[in-house]
Amino acid sequence: MKLAYWMYAGPAHIGTLRIASSFKNVHAIMHAPLGDDYFNVMRSMLERERDYTPVTASIVDRHVLARGSQEKVVDNIVRKDREETPDLIVLTPTCTSSILQEDLANFVERAQLDAKGDVMLADVNHYRVNELQAADRTLQQIVQFYTEKARKKGDLPEGKTAQPSVNILGMSTLGFHNQHDCTELKRLMADLGIEVNEVIPEGASVHNLKNLSRAWFNLVPYRELGMMTAEYLQAEFGTPYVDITPMGVVETARCIRKIQELINAQGASVDYEEYINNQTLYVSQAAWFSRSIDCQNLTGKKAVVFGDNTHAAAMTKILAREMGIHVVLAGTYCKYDADWFKQEVSEYCDQVLVSDDHGAIADAIASIEPAAIFGTQMERHVGKRLNIPCGVIAAPIHIQNFPIGYKPFLGYEGTNQMADLVYNSFTLGMEDHLLEIFGGHDTKEVITKGISADSDLSWSKDAQAELNKVPGFVRGKVKRNTEKFARDRGFQEITLEVMYAAKESVGA
Amino acid sequence: MTVAQPEALTFECETGNYHTFCPISCVAWLYQKIEDSFFLVIGTKTCGYFLQNAMGVMIFAEPRYAMAELEEGDISAQLNDYDELKRLCLQIKRDRNPSVIVWIGTCTTEIIKMDLEGLAPKLEGEIGIPIVVARANGLDYAFTQGEDTVLAAMANRCPKEPEKDATTATSGDRNAIQKLLSFGKKNEDVTKEESEYVDHPPLVLFGSLPDPVVTNLSLELKKQGIKVSGWLPAKRYTELPVLEEGYYVSGVNPFLSRTATTLMRRRKCKLIGAPFPIGPDGTRAWIEKICSVFGIEPQGLDEREAQIWANLEDYLELIRGKSVFFMGDNLLEISLARFLIRCGMTCAEIGIPYMDKRYQKAELDLLEKTCHEMGVPAPKIMEKPDNYNQIQRIYELQPDLVITGMAHANPLEARGINTKWSVEFTFAQIHGFTNARDILELVTRPLRRNHNLKDLGWSNLVKEAKV
């Protein structure tokens, strides 16, 4: 047992649901007790999704516990098949079904007999893998399922596309800025003259999965999601993949050069150097920003970075290599993939921290006292407590991290966004100097005593106590409204009754 | 559309495929209510993920709750439950020193049959902190019923009268000291206050409400000369009310049927079955029922209720004649529907997770009476609803307002159907005369907002919508 207040990566089934609900016309059925369909709330709220989240539960209740699910799961699958005619139904185990050890594979087989669509069982073990690993595995599983199905039917397309083309793997729902990243990558590919063959799983149809083999190469922008699929496609069709995250000016260039190498090896003859040069020097503002005098003031400032592997590693390199910021500590919560992270960042920071205990990170931040933090929502709150600014660069995230405006982290527009994020996180350079010269802001002392200071009305002890229970941010308003009410009606003292009467009449 | 008006309420039951919060969510409001408590949820990452996301901002405020996250070794019994729990509880005692630790059993502890009720008394003796066990799991319960399981467990910990002065060794010490400290100055006030009350048997109210609402409801009863001897739960665990055989108890929320049963059967209290004090009509009926049990003629309730209704007129104008549909997820549905029908709305369907017809009898009777008096058809009460079927019915009925969970709210809004997020009703202050306005503030908000947008032609925002 572990005492835990907070977790960075969710349980396994969340990963599977993220993949299933990213595809078009794929439905997930969770084998779960009442209340475990919280995923629907998250998707509906965070993504502000207009459509119903295609996830339902086959409820595990007391009866299931006593006698097993029996026909329930099969019936639920067949019913959903009729109601929504999905292409695929993914039966999703949860922690509960892991310990019940029912033969879910058997349910899937039986349901497949009656269902028109495909049915499969997500191969994830709640106690062994987390959300990210499960998502990676489920995507690979679905791709493999449809590749094998197409092969059996003999309709796997032959050969590659005429022009160089790419599959973008790993864009998914509830992923950090995924939609914006996806648009930016498509734009980048268009600039490079590369056709986008398929983007999976977000917005993809399972019918198109058989076409994955037609791409010249696969691009896996995120370390956490898509690697298994890329490796599967390489083993199956010999398709090479690029796993360099195009985040930051240097890494974006490295990613493009790798793409150039791969497609030239397959008979294209492209030279992207001119494009990279032009983008770097004149289109993206990030290179110029790091040269400008503003960025000078950031030189040597201390920062702490924490997040998932992709974003924490890329951020560390951007800060250290492109902006001259001193990254004291870089950390990740992807413990299962810690070696990769250490290898990526070790030359760009003083210490590496691999932990999923938010207390350990908070302690490290407190002892380092950086000028800025780049982390998850948890680190943002640590920053608030310690009065250190924080830029959010990775999940777990809140609704404000699903901006409506265009905010990619990848590609050349991504470098601009990153520059803004970094710059706005640190106290502005000139302001910083002025504060030193003039001994800090003096605004904190200015406190408006408010209208209440010399009130003609007295508050009874009870009423005063009641007023103090009102949350601070509306207390002033309640107080003013109540006093106005009392004054209008000629009450001398404000008692509990007067307070309630005021509330009843004006909603104070 | 319905021409014939059915006389009685109809009850149906569907498949139970509906969305609601897991009952462990009750820790979020109970840890804030019971200030010296610590809630330990013994479950998996799934439970933790739900709490973390559902409680949003609260999680960062050093909450007095945590997960005892079960690992593979716990599931396969390679680790000893007792030793593991002891280690964690000692850690909690060291870091937080609470007056009570509440263990929340989950689906997993049910399935692996972890004997929490058996382990607790032993560990309690060893570490010197009371341990209360509540099985608030998704196998058996929905959302607010979690509070019911906790309060039912707490009901067994309420002191009996003989212990009141001497007080027991563990929970009483602090209590006794507090009484000593406050004794001198309060003595006069206490005797003076006593005379304001009618002589009636002790009354204890149950249900967790924010402190301002507790004060408010107590004051309403005080106006009738009724003294509230205590609340279950109180602000602190060490202040749990005395419960003696023959005490009267009354519930303030519709989802407290286990607590009511425990109070009647185990503590031999007498339950006053009344409608719940939600809306001015409910509050009035609640007070009247309590008065009638104590043989008191209620004073000034007519005018009080009329005054409240008069003050609500601006909101009533907005909803009169409009229809509402409850998808059902928190068990407040019957009371809210009854209030809204009194406000002039119609209601075709009240979805509800679980319907205790005995505990809610007075509320159901009032609903039926309200429908009759307002001349509207009685709603269909749908226990264990099926959300998919409900959505088909919503498309058919096109209600003016759907009260639903967040999973369906945005998709319905995108299809031009007004929604109100149901969870807000459990966190807002909705009890008593004073808070009636707050309920209508919530109910009318989507109507007011969408009224502002109605001329923009933006009501349907889904391509090829199924509506």
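How many bridges join strand 1 (residues 2–4) of chain A to strand 3 (residues 65–69) of chain B? There are three, and the two strands run antiparallel. Please keep in mind that this is a predicted model, in which local features need pLDDT of at least 70, side-chain atom pairs count only at pLDDT 80 or more, and totals for chains, interfaces and linings use all residues. Residues are numbered from 1 along each chain as its sequence is written, chains are lettered from A in the order in which they are written, and side-chain values use heavy atoms, leaving out hydrogens and water.

- Strands here are DSSP runs of E with at least two residues, numbered from the N terminus, and two of them pair if DSSP finds at least two bridges between them.
- Within this pairing, A:Ala4 stands opposite B:Met67.

**The interface**
- Contact (heavy atoms within 4.5 Å) links 84 residues of chain B with 63 residues of chain A.
- The two chains bury about 6300 Å² between them, 59% of it on carbon and sulfur atoms; this is the accessible area (1.4 Å probe) that two parts lose on being put together, summed over both.
- Seven salt bridges cross the interface, each a side-chain nitrogen of Lys or Arg within 4 Å of a carboxyl oxygen of Asp or Glu.
- A:Glu504 forms a salt bridge with B:Arg304, with the closest N and O atoms 2.9 Å apart.

**Chain A by itself**
- The C-alpha atoms of chain A fill a box of roughly 90 × 65 × 40 Å, taken along the principal axes.
- Of its 508 residues, 57% count as buried, meaning under 20% relative accessible area (1.4 Å probe, protein chains only).

Definitions and conventions:
Helices (H or I, at least four residues) and strands (E, at least two) are DSSP runs, numbered from the N terminus. Buried means under 20% relative accessible area, exposed over 50%, partly exposed in between (1.4 Å probe, protein chains only).
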